[in-house]
Amino acid sequence: MLIGALEAGGTKMVCAVGKEDGTILEQVSIPTSTPEETMPRILEYFSSKEIKALGVAAFGPVDVNPASPSYGCILDTPKIPWRQFDLLGSLKEKIHVPMGLDTDVNGSCLGEMTYGCAKGLDSVIYITIGTGVGVGVCSGGRLVHGMLHPEGGHVLLTRHPEDPNGGICPYHPNCLEGFASGPSIEARWGKKAVDLKDNPKVWEIESFYIAQALVDYIMILSPQKIILGGGVMHQEQLFPLIRGKVKELIGGYLNTPELRDLDQYIVPASLGGDQGIMGCIKLGLNALC
Ligand code: ADP
Ligand code: ZN
């Protein structure tokens, strides 16, 4: 059985066809320019495939509540042409199969829980640290939505004493995304994150922010595993720094088997960048039940 997968990102739309076991048979990438340019190409791709369902994981904010009148619409995104665009509606007009929708980060969380390093667990968070910061949350086997969906990139943090400029989020002077996204690193140091590998101060400050946020997520959500993905997390030296600071900030207050083995608790994404698109396969499969 073939399942369609659409990972709708702010820079590109990845369209793929895969199987129930998560195998991706083919995929194409279409630039996210405007709905007028981008949507016809997505519709053409999926119309020509014999898919039985389609799973969509979208950049946000996006309405993921099936009971809402604006279900499937992109909401107040900074990407102006996509504001209030009815993504799911425009897919449904041309493609007549059951569809599942969630946020991009919930999709990646689901991909790792179904096919990757979080198989068998029921409470997991997936964090992407890239152009923005997003957090996908699964609690007790359910992807969490609540009133909209979690926006864990905007949790408020204490500023590092040696961070001269603070954060760049236009909404919050001291949130995780404003402090720690790829563009924030670039704004702080005047160079792209990838070119700062050999400057330890960069990663000291970066890990200080990420660890604070993780401790907040741990205290509130009690996840069984924390997965970190996105471009910035290609800097592998961050992992031991983050684990060390998480341990320190927890301050011995919690003592669980997971926290005694932080190398297995705070981990990189395991599906080689395919966690999002594989999560879409599972969203599609779930829409069939
Ligand atoms: P997006 O968040 O747009 O989906 P990415 O997760 O690739 O895409 O994030 C892009 C951001 O990550 C950019 O700000 C870029 O500077 C940063 N980035 C990409 N690759 C690396 C790397 N190897 N090391 C550090 N930062 C990186
Ligand atoms: Zn913010």
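Which residue has a backbone N or O atom that lies 2.8 Å from an oxygen atom of ligand 1? To find out, select ligand 1 in this predicted model and display the residues that surround the ligand: Gly130, Thr131, Gly182, Pro183, Ala193, Val194, Gly230, Gly231, Val232, His234 and Gln235. The residue in question is Gly231, whose backbone N or O atom is placed 2.8 Å from that oxygen. Keep ligand 1 in view and turn to Thr131, where a polar side-chain atom lies 2.6 Å from an oxygen atom of the ligand; then pick Gln235, which brings a polar side-chain atom to 2.8 Å from a nitrogen atom of ligand 1.

Next, select the zinc ion (ligand 2). Its protein donors are His154 and His172, each through ND1, together with Cys169 and Cys175, each through SG, and these atoms lie 2.1 to 2.4 Å from the ion. The angles among the four donor atoms run from 102 to 118°, and the site is tetrahedral. Along the sequence, the donor residues follow the spacing H-x14-C-x2-H-x2-C. Colouring by accessibility separates two of these residues: Cys169 is buried, with a relative accessible area of 11%, whereas His172, at 25%, counts as partly exposed.

Centre the view on Val246 and, setting aside its neighbours within four places in sequence, its contacts are Ala211, Leu214, Val215, Ile218 and Ile266.

Is Ile220 buried or exposed? Ile220 counts as exposed, because its relative accessibility is 69% and the cut-off for that class is over 50%. A distance drawn from the C-alpha atom of Ile220 to that of Glu204, 16 residues away along the chain, comes to 25 Å.

The loop between H6 and E9 holds Ser222, which is exposed, with a relative accessible area of 54%, and has a positive phi near 50° although the residue is not glycine. Ser222 is also among the residues touched by Ser123, along with Met113, Cys138, Ser139, Gly140, Pro223, Gln224 and Lys225, when residues up to four places away in sequence are not counted. Select Ser123 itself in the loop between helix H3 (104-115) and E6: this serine is buried, at 9% relative accessible area, and its side chain makes a polar contact of 3.0 Å with the side chain of Asp122.

For the last stop, go to the loop between strand E4 (53-58) and helix H2 (87-94), where Pro61 is found. The peptide bond leading from Gly60 to Pro61 is cis, with omega near 0°. The loop between E4 and H2 also contains Gln84, a residue other than glycine with a positive phi of about 65°, and Gln84 counts as partly exposed at 48% relative accessibility. Most peptide bonds are trans, and most residues other than glycine have a negative phi.

Methods
Residues are numbered from 1 along each chain as its sequence is written. Chains are lettered from A and ligands numbered from 1 in the order in which they are written. This is a predicted model: local features need pLDDT of at least 70, side-chain atom pairs count only at pLDDT 80 or more; totals for chains, interfaces and linings use all residues. Side-chain values use heavy atoms; hydrogens and water are left out. Contact means heavy atoms within 4.5 Å. Donors are N, O and S atoms within 2.8 Å of the metal (3.2 Å for Na, K and Ca); water is not among the atoms, so sites may look incomplete. Four donors count as tetrahedral if all angles lie between 85 and 135 degrees; four count as square planar and six as octahedral if opposite donors are over 155 degrees apart and all others between 65 and 115; anything else is irregular. Buried means under 20% relative accessible area, exposed over 50%, partly exposed in between (1.4 Å probe, protein chains only). A residue is near a molecule or strand if one of its heavy atoms lies within 4 Å of it. A polar contact is a pair of N or O atoms within 3.5 Å; within protein, one must be able to donate a hydrogen and the other to accept it, and residues adjacent in sequence count only if both atoms are side-chain atoms. Helices (H or I, at least four residues) and strands (E, at least two) are DSSP runs, numbered from the N terminus.
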